[in-house]
Structures are given as C-alpha cells and as structure tokens.
Amino acid sequence: MAIGGGRAQPINLPESATPPEPLSANLLPEYPSDARSKGQEGLVILKGVVEVDGRVTGLKVMRGDEPFASAALAAVRTWRFRPAVVSGQPTAVFRIFKVPFRLKS
C-alpha cells in the first residue's frame, strides 16, 4: 500500500513470500582493532528494512555493544539485496540482521 510519496510501507515477510537475498558483493564488517587486540568477541542484532530496490534502511540496534554495534551498522548500511517477492511483486520487508564478531581460533 503506497503512502504519501508513493513509497510502499514495509511489511513483515509472509511465509509464502520469497525472502530478500544478500548479494555476494556485501562485505563483512571491519573488526574493531581495539576489540581484536583485547580478544573481545560479540554479536550485534540489527532490525531494518530491505527496500524494493535492495537497499537497507531504518537500521536500529536491537542487541550489541560498542565498538561492535557501530561496525555492524556501518557495514550493513552498505549491503544490497535482491528484494523480497510477495505475490510476484518486489516488496519492502522488515528484516533482522545478525552480525557476529568472532576471532578465528
């Protein structure tokens, strides 16, 4: 349903829909050097919208601490997706992004 400027409001992804798919060019977040040197690991959970054009907008941190939250936000803002498809139409959908920061052992 279009509102105001003609942009469709995002929806929760129905089970019958095709979810958005990340493009292979999406880069992993840069591991914060201070956290790496201290041996710190973390998990950031973000909520945002994958738009009809594949951009990620409206990101909010649901869980995660600094410096990982800022690194995750910076990376996910650059990510692009093939949009979700609902009833044959590209559709803006809410999405949860889990961004782990793990040191290789």
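**Notebook: salt bridges, a hairpin and a buried helix**

I began with lysine 38, which counts as exposed because its relative accessibility is 55% and the cut-off for exposed is over 50%. The model I am reading is a predicted one.

**Entry 1. Charged pairs**

I looked up the partner of lysine 38. Its side chain meets that of aspartate 34 in a salt bridge, at 3.2 Å from N to O. Aspartate 34 is partly exposed, at 46% relative accessibility.

How many salt bridges does the count come to? I noted 3 salt bridges. Side chains of opposite charge can pair when their charged atoms come close.

Another of these pairs is arginine 82 with glutamate 21, where the closest N and O atoms are 3.3 Å apart. This pair links distant parts of the chain, as arginine 82 sits in strand 6 and glutamate 21 in strand 3 (residues 21-22), 61 residues apart.

Arginine 55 is partly exposed, with a relative accessible area of 33%.

**Entry 2. The hairpin**

Next I followed strand 4 (residues 42-50) and strand 5 (residues 56-63). In which sense do they pair, parallel or antiparallel? They pair in the antiparallel sense, over 5 bridges. I found lysine 47 standing opposite lysine 60 in strand 5.

The hairpin of strand 4 and strand 5 has 5 residues between the strands, and glycine 54 there takes a positive phi near 90°.

**Entry 3. Arginine 80**

I located arginine 80 in the loop between helix 2 (68-76) and strand 6 (81-82). Arginine 80 is partly exposed, at 33% relative accessibility. I then listed its contacts, leaving aside neighbours within four places in sequence: Glu21, Pro22, Leu23, Asn26, Gly54, Arg55 and Val56.

Arginine 80 and leucine 23 are 57 residues apart in sequence, but their C-alpha atoms are 5.9 Å apart in space.

**Entry 4. Helix 2**

Is helix 2 largely enclosed or largely open? I found that 7 of its 9 residues are buried, so helix 2 is largely enclosed by the rest of the structure. The buried residues of helix 2 are Phe68, Ala69, Ala71, Ala72, Leu73, Ala75 and Val76. What covers them includes helix 1 (33-37), strand 4, strand 5 and strand 9 (93-101).

**Entry 5. Backbone exceptions**

Most residues other than glycine have a negative phi, and most peptide bonds are trans. I looked for departures from this.

Glutamate 66 and proline 67 are joined by a cis peptide bond, with omega about 5°. Proline 67 lies in the loop between strand 5 and helix 2.

Serine 87 is not a glycine, yet its phi is positive, at about 50°. I placed serine 87 in the loop between strand 7 (84-86) and strand 8 (89-91). Is serine 87 buried or exposed? Serine 87 is exposed, with a relative accessible area of 75%.

Technical notes
Residues are numbered from 1 along each chain as its sequence is written. This is a predicted model: local features need pLDDT of at least 70, side-chain atom pairs count only at pLDDT 80 or more; totals for chains, interfaces and linings use all residues. Side-chain values use heavy atoms; hydrogens and water are left out. Helices (H or I, at least four residues) and strands (E, at least two) are DSSP runs, numbered from the N terminus. Buried means under 20% relative accessible area, exposed over 50%, partly exposed in between (1.4 Å probe, protein chains only). Contact means heavy atoms within 4.5 Å. Two strands pair if DSSP finds at least two bridges between them. A salt bridge is a side-chain nitrogen of Lys or Arg within 4 Å of a carboxyl oxygen of Asp or Glu.
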